[in-house]
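Reader: Could you take a close look at the packing of side chains here, going from helix contacts to aromatic rings, and state the cut-offs as you go?

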Amino acid sequence: MKNMEKTILLIYNPVSGTRSFASYLDNFIHSFQEQGYQVHPIRSRSEDDFKDVIEKKDLNMYSALFIAGGDGSVSIAVNKLLQIGADIPLGIIPAGTVNDISYNLGIPQDISKAIKVLSEMKTGRFDIGKVNDRYFMNSCGAGLFIEVAHTTERELKNIMGRVAYYLKGISELPNFKAMNTRITVDGKVYDEDLFLYLVVNGKSVGGFRSLASDASMQDGLLDFIGIKECQLNELSVLFAQILLGNYKNSKNVIHFQSDNIKIECLGEYCQNITDVDGEKGPTMPLEIGMVKRGISVIIP
């Protein structure tokens, strides 16, 4: 007879992505009951809701915490878990617009398939990035497409996903100023005018699945990708190369791996809208490091 005392805490965001997870809720409960788990579902619509649930619940009661939502919802959960020192396995159901984190973990992007494979409750430990006082599982950065991500209407993002960012970013190019940026890493200093930089922990960023092909969430390293200021005709070709992951030899790209990076903005123009896993991040300067194997995650 299966042990029915094991319990899963599920927090789901009904307005994430296509707003469809609620229709999978019974499927989720049934699949985990079949594996001997009770499910305690909580409906949430705001960052404060997420934080309150994680802070107020006795997480020692649960076998795992599941989040059904996008990268922003996952990031909120990761930050709260690490802040309170709760080492409970985290499960991710890809119910957001882009779902880079779940993709990088090898979780099926079809919600029904994700529920089925994750109900087996296999776990692994993965690296966490830290920027100033914030944690991230996938990426942080600043520049052209970062600003676009926070000014594109939610409905457009939900309907068009990554295409919405790309189209709006291209439209903003003629008016965008490069950032005079200093990057300090492993005793080296780069002073560059950059249109964009990303510090990534996984292969997929912004829904572009091959953006950081060398990245791994278990190698203890972060990948830095910086796009230098260049002519618009060069930039259009470069974007095509980047989206295919074929940019390593470009003269207009800085790429390296490290576990400790400092980023400062030096000039009059400083783009201080940074992004951490799809949410607004801290202002520069940024001190970026790693918490190696810092979180337990449920994986296929």
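Author: Helices (H or I, at least four residues) and strands (E, at least two) are DSSP runs, numbered from the N terminus, and axes are lines fitted to C-alpha atoms, for helices over the stretch in contact, with angles running from 0 to 180 degrees between N-to-C directions. The model is predicted, so local features need pLDDT of at least 70 and side-chain atom pairs count only at pLDDT 80 or more, while totals for chains, interfaces and linings use all residues. Residues are numbered from 1 along each chain as its sequence is written, and side-chain values use heavy atoms, leaving out hydrogens and water.

Helix H2 (residues 47-56) and helix H3 (residues 71-84) have axes that come within 10 Å and cross at roughly 35°. In contact (heavy atoms within 4.5 Å), Glu47, Phe50, Lys51, Ile54 and Glu55 of H2 meet Ser73, Ile76, Ala77, Lys80, Leu81 and Ile84 of H3.

Turning to the rings, the whole structure holds 9 aromatic pairs (rings of Phe, Tyr and Trp, its six-membered ring, with centres within 6.5 Å; planes under 30 degrees apart are stacked, over 60 edge-to-face, the rest tilted). Tyr12 and Phe21 are tilted, because their planes lie at 50°, with ring centres 5.5 Å apart. Phe28 and Phe66 pair edge-to-face, at 5.4 Å centre to centre and 75° between the planes, and this pair links distant parts of the chain, since Phe28 lies in helix H1 (residues 25-34) and Phe66 in strand S3 (residues 64-69), 38 residues apart. Both pairs belong to one aromatic cluster, formed by Tyr12, Phe21, Phe28, Phe32, Tyr37 and Phe66.
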